[in-house]
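User: I have a protein model open and would like to talk it through. Could we go over it together?

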Amino acid sequence: AAPGPRSYTTLRDEAVKLFNSLQQLESERDPVPLMQGVLQTCLDLPPLVDEIYCQLVKQTTEPAAPGGQGDLHYWQLLTCMSCTFLPSPPVLRFLRFHLDRQSRFPASEMAKYACFIREALGKTKGRECVPSLEEILVLMRRQEMICTVHCPGAPACSVAISSHTTAEEVR
């Protein structure tokens, strides 16, 4: 179930809370609920989307432990953000530049995330709700979700979908 309505303070205070959440993400054993909370705050307070993108670019630029758990969690949240929100055009240009820098190490896990994120940004249209916990888990692995589709008068079938699959594509 999606989180219920929240009460928020000022944008500045919420930005500070999100920054603290990102710091916590580094050492979080189960980052999924924290990631969903960040996504929910961004959905409820759209002016913070660009702020989070900028913070994530900063955290994934020359990390203290490249490829470590904290670095990986930041890339995974950046992946979820890219499937949920489009940043403003100037931040999108900055983000694309950041993603392109990862191609210097094409075999790295981060380069694979960068490629996935770049693709996702080309398809993201905006959403009415944040990704489910299950969707976040598959996004963290850069995979598709298998869902069962029930059609009247036809047997149910399993279909692999991404965050951007539309009902028309499933038909």
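User: Is T124 buried or exposed?
Analyst: This is a predicted model, and in it T124 is buried, with a relative accessible area of 5%. Buried here means under 20% relative accessible area, so T124 falls within that class.

User: Where does T124 lie?
Analyst: T124 lies in the loop between helix 6, residues 109-123, and helix 7, residues 133-140.

User: Which backbone oxygen does the side chain of T124 reach at 2.9 Å?
Analyst: That is the backbone oxygen of A120.

User: Let me step back. How many helices and strands does the protein chain have?
Analyst: The protein chain has 8 helices and 2 strands. Along the sequence they follow the pattern α-α-α-α-α-α-α-β-β-α.

User: What percentage of the 171 residues in the protein chain is buried?
Analyst: Buried residues make up 40% of them.

User: And what about the largest nonpolar core, which residues touch the most other members?
Analyst: The core has 39 residues, and those that touch the most other members are L39, I52, Y53, L56, W75, L77 and M81. Helices 1 through 7 each supply at least two residues of this core. The largest share, 7 residues, comes from helix 4.

User: Take L56, then. What does L56 touch?
Analyst: Leaving aside residues up to four places away in sequence, L56 touches L22, Y74, L77, L78 and M81.

User: Now the helix packing. At what angle do helix 1 and helix 4 pack?
Analyst: Helix 1, residues 11-25, and helix 4, residues 69-84, pack at an angle of about 130°, and their axes are 9 Å apart. The two helices are therefore oblique to each other.

User: Which residues meet there, between helix 1 and helix 4?
Analyst: From helix 1 there are L22, Q23 and L25, and these meet H73, Y74 and L77 in helix 4. Sorted by class, this contact has 4 nonpolar, 2 polar and no charged residues.

User: How do the axes of helix 2 and helix 3 cross?
Analyst: They cross at roughly 140° and come within 8 Å. That angle makes helix 2 oblique to helix 3.

User: Why oblique and not roughly antiparallel?
Analyst: Only angles over 145 degrees count as roughly antiparallel. The crossing is at roughly 140°, so helix 2 is described as oblique to helix 3.

User: Which residues make that contact between helix 2 and helix 3?
Analyst: V38, T41 and C42 in helix 2 meet L48, V49 and I52 in helix 3. By class, the contact has 5 nonpolar, 1 polar and no charged residues.

User: What lies in the loop between helix 2 and helix 3?
Analyst: P46 lies in that loop. P46 is exposed, with a relative accessible area of 53%.

User: One more residue. Is E135 buried or exposed?
Analyst: E135, which lies in helix 7, is buried, with a relative accessible area of 9%. The C-alpha atoms of E135 and V32 are separated by 9.9 Å, although these residues are 103 residues apart along the chain.

User: What share of contacts in the protein chain join residues at least 24 apart?
Analyst: Among contacts between residues at least 6 apart in sequence, the share is 70%.

Key. Residues numbered from 1 in each chain as written. Predicted model: local features only at pLDDT ≥ 70, side-chain atom pairs only at ≥ 80, totals over all residues. Heavy atoms only, no water. Axes fitted to C-alpha atoms, helices over the stretch in contact; angles between N-to-C directions. Helix = DSSP H or I, 4+ residues; strand = E, 2+ residues; numbered from the N terminus. Parallel < 35°, antiparallel > 145°, perpendicular 65-115°, else oblique. Contact = heavy atoms within 4.5 Å. Nonpolar A, V, L, I, M, F, W, Y, C, P; charged D, E, K, R; others polar. Buried < 20%, exposed > 50% of the residue type's maximum accessible area, 1.4 Å probe, protein only. Polar contact = N/O pair within 3.5 Å; in protein donor to acceptor, adjacent residues only side chain to side chain. Core = buried A, V, L, I, M, F, W, Y, C linked by side-chain atoms within 4.5 Å.
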